[in-house]
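Dear colleague,

I am handing over the structure that we talked about, and below it I have set out what was found in it. Please read the notes with the structure open beside them.

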Amino acid sequence: MVTVHLISSMAANRHMLMGHQMIDSNWYDAHATFYGDMTGGDTMQGACGYGDLFKQGYGLQTTALSTALFNNGLTCGACFEIKCFNDPQWCYPKAGSVIVTATNFCPPNYSKPEGNWCNPPLKHFDLSKPMFTKLAYYKAGIIPVKYRRVLCYKKGGVQFQIKGNPYWTLVLLYNVGGAGDIKDVKIKGSSTGSWLQMSRNWGVNWQTGAKLVGQSLSFQVTTSDGKMIEFDTVVPANWQFNQVFDGKKNF
């Protein structure tokens with residue numbers, strides 16, 4: 001009885017957690033295409049600011065988002081569950097679903113009158129080819145899908161890559177779990193005394209004009225669901241630009 005109660009309690013807590021993190025159990029309509037080949041080379045870099053998606057832990061489980069979903073880059077890092085729907089000619093039977101992280105932008109194209117799947121207000125996923133071909137035959141080109149937001153599960157801690165120059169610090173945050181998409185970042189140097197508000201430069205790159213060279217650095221990161229984690233002194237005082245530091249905690 002104790003075991004049953006414990007499991008029930010865990011399930012209830014998980015349900016509450018998912019509700020708090022705005023994970024929506026409803027499925028929504030969209031369409032999906034793919035870009036690149038099976039190696040995923042064309043999916044690297046991109047409008048969210050990530051680099052080598054294999055080294056950063058995302059691999060081929062990625063998607064680009066149309067304007068309606070991309071939200072000017074605020075949705076970068078969010079995770080989606082996607083399944084092929086109501087297209088028996090192309091959907092693989094019993095294909096199930098794929099879970100992907102938003103790492104890029106599918107730009108609109110206003111130069112032709114039709115076939116512009118990434119134009120507003122359409123909700124569209126431009127998947128890596130390996131993800132698309134888990135759902136449907138590649139010759140389909142485009143398929144109707146159902147999607148929903150899900151929690152991101154990432155191995156290890158949030159990663160912080162420090163870029164910029166002595167007068168301007170740009171921090172790339174990746175491998176973010178939980179809701180996945182970041183809405184606020186604060187930074188504190190060992191000599192600043194207080195938390196400094198960072199602003200989003202583009203994608204998952206956050207910036208500050210404070211001079212921080214020679215100081216150990218701490219961060220407060222808040223995801224879109226309002227959950228905040230403090231990463232205390234995760235960057236040592238002898239840091240160099242372009243180094244990556246492990247936050248050792250995750251959402």
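In which strand does Thr 169 lie? Thr 169 lies in strand E8, which runs over residues 168-174, where helices (H or I, at least four residues) and strands (E, at least two) are DSSP runs numbered from the N terminus.

Before going further, please keep in mind that this is a predicted model, in which local features need pLDDT of at least 70 and side-chain atom pairs count only at pLDDT 80 or more, while totals for chains, interfaces and linings use all residues. Residues are numbered from 1 along each chain as its sequence is written, and side-chain values use heavy atoms, with hydrogens and water left out.

Thr 169 counts as buried, at 1% relative accessibility; here buried means under 20% relative accessible area, exposed means over 50%, and partly exposed is what falls in between (1.4 Å probe, protein chains only). Not counting residues up to four places away in sequence, Thr 169 touches Ile 162, Lys 163, Met 198, Trp 206, Gln 207, Thr 208, Ala 210 and Leu 212, contact being defined as heavy atoms within 4.5 Å.

Gly 46 sits in the loop between strand E1 (28-35) and strand E2 (62-65), and with a relative accessible area of 26% Gly 46 is partly exposed. Once its neighbours within four places in sequence are left aside, Gly 46 is in contact with Asn 104 and Trp 202. The C-alpha atoms of Gly 46 and Ala 102 are separated by 10 Å, and these two residues are 56 residues apart along the chain.

Lys 248 belongs to the segment after strand E15 (244-246) and, at 69% relative accessibility, counts as exposed. Apart from residues up to four places away in sequence, Lys 248 touches Gly 157 and Val 158. Lys 248 and Val 158 are 90 residues apart along the chain, with their C-alpha atoms separated by 6.7 Å.

The disulfides

If a disulfide is taken as a pair of cysteine sulfur atoms within 2.5 Å, the count comes to four disulfides. With the bonded cysteines numbered in sequence order, the pairing reads 1-2, 3-8, 4-5, 6-7.

One of them joins Cys 79 and Cys 152, whose sulfur atoms are 2.0 Å apart. This pair links distant parts of the chain, with Cys 79 in strand E3 (residues 79-84) and Cys 152 in the loop between strand E6 (143-150) and strand E7 (159-165), 73 residues apart. The torsion about the S-S bond of Cys 79 and Cys 152 is about 120°, so the disulfide is right-handed. Cys 79 counts as buried at 3% relative accessibility, and Cys 152 counts as buried at 3% as well.

Cys 84 and Cys 91 form a disulfide with their sulfur atoms 2.0 Å apart, and with -75° about the S-S bond this link is left-handed. Cys 84 is buried at 15% relative accessibility, and Cys 91 is buried with a relative accessible area of 13%.

Cys 106 is joined to Cys 118 by a disulfide with an S to S distance of 1.8 Å, and the link is right-handed, with 90° about the S-S bond. Cys 106 and Cys 118 lie in the loop between strand E4 (98-105) and strand E5 (124-128), twelve residues apart. Cys 106 is buried, and so is Cys 118.

The cavities

How many cavities of 30 Å³ or more does the structure hold? It holds two, a cavity being a set of points, on a 1 Å grid over the protein atoms alone, where a 1.4 Å probe fits but cannot get out, and lining residues being those with an atom within 4 Å of a point. Grid points are joined across faces, edges and corners, and a volume is the space filled by probe spheres set on the points.

The largest cavity has a volume of about 50 Å³. Its lining is made of 13 residues, of which Tyr 50, Tyr 58, Gly 77, Val 176 and Gly 180 lie nearest its centre. Domain 1 (28-149) and domain 2 (159-246) both give residues to this lining, so the largest cavity lies between them; the domain bounds come from an automatic or database domain assignment.

The second largest cavity has a volume of about 30 Å³, and its lining draws at least three residues from each of domain 1 and domain 2.

With best wishes

Notes
1 Å grid on protein atoms, 1.4 Å probe; cavity = no way out; pocket = protein on both sides within 12 Å on 5 of 7 lines; lining within 4 Å.
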